[in-house]
Amino acid sequence: QWSVEGFLSGELFEWYAGSVGGAFGFHYREDEINDTPGDIILADNAWGDSAAGITAGTDTTKAVFGEIDLPLITDKPGFRSLALNASMRWTDVDSYGDDTTYKVGLNWQITDSWRIRASQGTSFRTPALFELYLADQKSFASQRTLDPCINWGTALDEGTISQRVADNCAATVDDPLVGEPQYPDGLPPDFEGGAITATVITGGGLGVLEAETSEANTIGIVWQPDFANLSVSLDYFDIEINDQVDKLNAGGITGGCYNSEFFPNDPLCSLFDRSGLDGGIDNVRDSYINVATQTNKGYDFALKWVTDLWEGNFNLDLQTTYQTEAITALFEDTVRDNNGEFGDPEWVGRLWLTYDRNDWSYFWGMDYIGEVSNHKSYGEGEYLDETTYRGEPVRVVLSADAVLYHTFSVTKFIDSVDMKAVLGVRNALDEEPPRVTTLGLGEL
C-alpha cells in the first residue's frame with residue numbers, strides 16, 4: 001500500500017456571527033495483495049488438509065473532502081452561541097464505484113451552564129482486498145462439530161438443543177447427489193450423522209459484495225454548572241449499519257439455519273448441502289457476504305466531577321449506556337432483536353474514582369454488566385432449569401444476573417528518575433463471571 005494526501009485548514013473569512021473556519025483536502029491510495037500458498041496446498045494435493053488458491057488483486061482509491069465551522073448566532077437571548085459543523089467526503093474506489101458521505105452537527109450553547117448538541121452522519125467502506133479476491137479455500141469440519149441434528153431426540157431430552165432446533169431437524173429431508181433420499185420423511189431422532197467430514201469452501205466476493213454504509217443520529221444535553229467542576233450529559237443515539245462485510249463460519253451457518261424461526265426459507269439454509277449418502281452435511285459455502293442490517297439504539301449518560309479534597313484532588317468519572325434496541329438482520333427477511341440477550345445486555349457502565357495527592361494516586365474502578373436472558377429465543381420461552389447430560393445432572397444456563405467487577409490500584413510517581421510504580425488488583429472482590437451454556441453442540 002502507498003498513499004498521498006494533503007489538506008489546507010484555517011479561517012476562511014469573518015461574518016456577522018464570527019470567524020468561519022474550514023478545511024479541504026484530497027487522498028489517493030493504491031493497494032495490492034498477492035498471497036501465494038505453498039505448492040502442495042496450492043495444488044489441492046494434501047488429503048484431508050486445507051487447500052487454497054492465489055489471492056491476488058489491486059485497488060485504487062481517490063477521495064476529496066471538506067469541512068466547515070460556521071457560527072450562526074452569538075450572544076442573543078437564549079443563544080449564548082449556535083454553531084454549525086458540516087463535512088463531506090467523496091470517495092471513488094476502482095473495485096466498487098463512488099459514494100458520498102457527510103456529517104452535520106449543531107452545537108447550541110443556551111446559557112453558560114446548558115448546552116444541546118445534535119449530529120447526523122454517514123459512513124462508507126468498500127470491501128478490503130482480501131474480502132474481494134480471496135481464492136477458494138477448502139477446509140474440513142467434523143460432522144459432530146457442525147451438525148446440530150445428530151441424535152437430536154436425545155439432545156432435546158437432555159436440553160442441549162431447543163425445541164425449535166429439534167422441530168427443524170425432524171422436518172429435514174436429505175438430498176443426496178446420487179440415489180434416493182435416505183430420510184424422505186425427515187431426520188429421525190436417533191440420526192447418527194455423516195461418516196466423513198464436511199468440506200468448507202471460503203472465497204472472496206468480487207462482483208457480489210456491496211460496500212458497507214451506515215447512518216448515525218445523536219442528540220443530547222450537557223449541564224456544566226458554574227458552582228462546581230462538574231459535567232453531566234445525556235445523549236440519545238440511533239445507529240444503522242447496512243451491508244456489513246462478514247464471514248459467518250461453518251458452524252454459524254448450520255447452527256443458525258436450524259435455530260432459525262424462518263427455517264427452511266432462511267438464506268443460511270441455502271449455504272450448505274445435506275447431500276452425503278448417509279444424510280450427512282457435505283459442502284458448506286462460507287464466503288464473505290453482506291449482513292443486511294444492524295440497528296442499535298439507546299442512551300448514554302456521563303458524569304464527571306473534579307474537586308479538591310484533603311490537600312489532594314478527587315476525580316469521579318461515571319459512564320453508562322442503556323440499550324433499547326439491538327436488531328440484526330443477516331438477510332432482509334430474518335430480523336431479530338437481541339437486546340437483553342447474552343452479548344447484548346440492556347445496561348452496561350463503569351465508575352472510576354481517582355484520588356491524587358502529592359506523588360501518590362489511588363484508583364478504584366467498577367465495571368457493571370446488566371442482567372441478560374435468552375429465555376425468549378430458546379424454545380419459545382421454554383426454560384430447562386435442571387436436566388441430565390450423559391447421565392449427569394446439569395443446568396442449562398439461559399440467563400445471568402447483573403455482575404459488578406472491582407479494580408484497585410495505587411501508583412507512586414518518582415519524579416527524580418521519571419518513573420512510576422503501580423500495584424493493582426483486577427477483579428479484587430473475586431467476582432465469578434456468569435456461567436454460560438454452549439447450546440446445541442459440544443460439551444456443556
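This is a predicted model: local features need pLDDT of at least 70, side-chain atom pairs count only at pLDDT 80 or more; totals for chains, interfaces and linings use all residues.
Let me begin with a definition: a residue is called buried when its relative accessible area is under 20%, exposed when it is over 50%, and partly exposed in between, using a 1.4 Å probe and protein chains only. With that in hand, V4, at 38% relative accessibility, counts as partly exposed.

Residues are numbered from 1 along each chain as its sequence is written, and side-chain values use heavy atoms, with hydrogens and water left out.

Staying with V4, this residue is found in strand β1, residues 2-15, where helices (H or I, at least four residues) and strands (E, at least two) are DSSP runs numbered from the N terminus. Together with W2, F26, V64 and W90, V4 makes a nonpolar surface patch of about 460 Å². For such patches, residues must have over 30% relative accessible area and no salt bridge, and nonpolar side chains (Val, Leu, Ile, Met, Phe, Trp, Tyr) are joined within 5 Å, like charges within 9 Å. A salt bridge here is a side-chain nitrogen of Lys or Arg within 4 Å of a carboxyl oxygen of Asp or Glu, and the accessible areas come from the Shrake-Rupley method with a 1.4 Å probe, where for residues only the protein chains shown count as cover.

Let me turn to the interior. A nonpolar core is a set of buried Ala, Val, Leu, Ile, Met, Phe, Trp, Tyr and Cys residues joined through side-chain atoms within 4.5 Å. Which members of the largest nonpolar core touch the most other members? They are Y258 and V284, out of 28 residues. At least two residues of this core come from each of α4 (152-158), α5 (163-170), β8 (198-202) and α6 (250-258), and α6 gives the most, with four residues. If we leave aside neighbours within four places in sequence, V284 is in contact (heavy atoms within 4.5 Å) with L146, T199, V200, I201, A250, I253, L271 and F272. Apart from this core lies another, of six residues, including L316, L351, Y355 and M366.

As for helix α5, its buried residues are R164, V165, A166, N168 and C169, and these pack against α4 and α6.

That brings me to the disulfides, meaning pairs of cysteine sulfur atoms within 2.5 Å, of which a search of the whole structure finds two. In one, C149 is joined to C169 with an S to S distance of 2.0 Å, and the link is left-handed, with -85° about the S-S bond. Because C149 lies in the loop between α3 (143-146) and α4 while C169 is in helix α5, the pair ties together parts that are 20 residues apart in sequence. Both of these cysteines, C149 and C169, are buried.

In the other, C257 is joined to C269, S to S 2.1 Å, and the torsion about the S-S bond is about 105°, so this disulfide is right-handed. C257 sits in helix α6 and C269 in the loop between α6 and β11 (283-285), twelve residues apart. C257 is buried, with a relative accessible area of 1%, and C269, at 15%, also counts as buried.
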